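Q: I'm new to this one and would like a close look at a single part of it. Could you start there and then walk me outward?

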Amino acid sequence: MIEKKIWDDIIQYLVSKDLINEVAYHIWLKDLDVKFDENKVTITFANTIAKEKFISSFADIIKKTLYEFNKEEIFYEYFTKDEVEEKKKSSSKKSKEDNTESNKGKANKENKSTSISNQEAYNFNQINYLNQRYTFDNFVIGKNNQFCAAAALRVAQAPGQHMNPLFIYGGVGLGKTHILQAIANYILTNKSNLKILYMHVEQFIDEFIHSLKNEQMNSFRMKFRNTDVLLLDDVQYLEQKDASMEMFFHTFNSLYQAQKQMVFTCDKPPKDLKDFEERVRNRMEWGLTVQITPPDYETRVAILQKMCEYEQRNVDEKILHFIAKNVKSSIRELESALIKIIAYCDIFKIDINSLTLEQAKEILKDQFKYIDETKIIQIDDIIRKVAETFKISSYDIKSKKRNASISRARNIAMYLCRELTSASTTEIGLSFGGKDHTTIIHACKKISDLIKDDELLRISIEEMIKDLTS
Ligand code: ADP
Ligand code: MG
């Protein structure tokens, strides 16, 4: 059975994994009219464009992911509002013919409530793009972002008065969009008289092209130049878009002259925007440029705790530490690991409070390649295993004794350490009573040569490897 919660969780999960772009989500998916009935999903789109866009861009990935989680065959039906109207008209006509008064009344009422014009459906407000969660309060400060967060807050408190523009750059999933929208959310709450415009640069480009085509350049110009605060996300996408870049240049100039605040985010510093026109690149550096870098371990744990707090979920600290230890470069990935756990528990009705670390590892096993510490083979495990096999003591193996059978066992142990651990020859040498790294190299060569001819030795080594790795 499919239900709204599962559908929403899956879509959130896809957005968090960047498999569905966040801007696209707001335009095409956020307000979709979706109905669920047992194993059937019925979607009613505002118009044919929306329906076709859904089928070409989102249907496959959503269906695939739903199946992965639900393992149930689901049937999908797509209609446009017009098609629904048509269907209703014909059924109401049929009821008229049937001459049943009650049916007629109901059909008319439904017709009315579903008739929203296409224009209305597309007339979205900029604010729709803002994620209510992206606030300063929900932004965890660490060494990696403290300067950026302080500058952003300053700008939000006194737009246009200090650092103009504020240019924020950093890698994917490190919080640039979050901090940019935090400025927007702050101003909306605290300075609601100011006109703010938050948008992704691709939307800027789309609107620009649309206005050109429809000869609406004046209203496009007015929209941007009348704003008090312009927040543009991912400006790197302006590269090689010459006409849009020109438009952007003029927009920048007029806002700058009028002391209106601008904040930009980007995946690289201004100097690396090689395909930007020199004069545009230059302007990017007129204000303050700040970088966000990947968070350290403590900050990663704090971010996960904050997310749990926001989601009002209690997740075992051990699980949070496990995720923080394994996901280092992107906060989005950190978040998506947690979302996967939450979605999994919701879907399979598991009480998240009592989820164990082992269960979490199982849920996340495809999410990232984690190092399972319980499976790491230690040098001492190998020495113990070899000593046991050759019925000598670990002490003998580590000693300087030159007796032939002890030397041979020692060489085998050294060889296994090279094969089964990531330790360097120097580290292995130290674990064998301070032997030189050349001794280890020599021992390994000796054993690999011996194995070629000595069938019994090969089998015995293979068995030890099997025992140590199982
Ligand atoms: P970017 O725009 O740099 O690619 P995002 O702003 O989209 O990254 O951040 C990815 C996710 O990580 C978002 O859900 C965001 O809320 C979260 N995030 C990033 N940095 C922080 C932080 N310092 N505190 C809390 N959440 C964060
Ligand atoms: Mg972003």
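How many of the five residues of strand β5 (residues 196–200) are buried?

A: Four of the five are, so β5 is mostly covered. "Buried" here means that 20 or more other C-beta atoms lie within 10 Å of the residue's own; 12 or fewer makes it exposed, anything in between is partly exposed, and the C-beta atoms are placed from the backbone. Strands are DSSP runs of E with at least two residues, helices are runs of H or I with at least four, and both are numbered from the N terminus.

Before we go on, a word on what you're looking at. This is a predicted model, where local features need pLDDT of at least 70 and side-chain atom pairs count only at pLDDT 80 or more, while totals for chains, interfaces and linings use all residues. Residues are numbered from 1 along each chain as its sequence is written, and chains are lettered from A and ligands numbered from 1 in the order in which they are written.

Back to β5. Its partner β6 (229–233) runs parallel to it, and five bridges link the two (strands pair if DSSP finds at least two bridges between them). One example is M199, whose bridge partner in β6 is L232. D234 isn't a glycine, yet its phi is positive, about 60°. With 19 C-beta neighbours inside 10 Å, D234 counts as partly exposed.

K391 also has a positive phi without being a glycine, about 50° in its case. You'll find K391 in the loop between α17 (379–389) and α18 (394–398), and it is exposed, with 8 other C-beta atoms within 10 Å.

Another backbone detail is the peptide bond from N164 to P165, which is cis, with omega near 0°. P165 belongs to the loop between α7 (146–157) and β4 (166–170).

That brings us to α7 itself. The axes of α7 and α8 (residues 176–190) come within 9 Å and cross at roughly 30°; axes are lines fitted to C-alpha atoms, for helices over the stretch in contact, and angles run from 0 to 180 degrees between N-to-C directions. That makes α7 roughly parallel to α8 (under 35 degrees is roughly parallel, over 145 roughly antiparallel, 65 to 115 roughly perpendicular, and the rest oblique). On the α7 side, the contact is made by C148, A149, A152, V155 and A156, and on the α8 side by I179, A182, I183, Y186 and I187. Contact means C-beta atoms, placed from the backbone, within 7 Å.

There's also an open sheet of three strands, in the order β1-β2-β3, with mixed pairing. β1 (33–37) and β3 (75–80) are at the edges with a single partner strand each, so one side of each has no neighbour in the sheet. β1 and β2 (residues 40–45) run antiparallel and are joined by five bridges, and D33 has T44 of β2 as its bridge partner.

Technical notes:
Contact = placed C-beta atoms within 7 Å.
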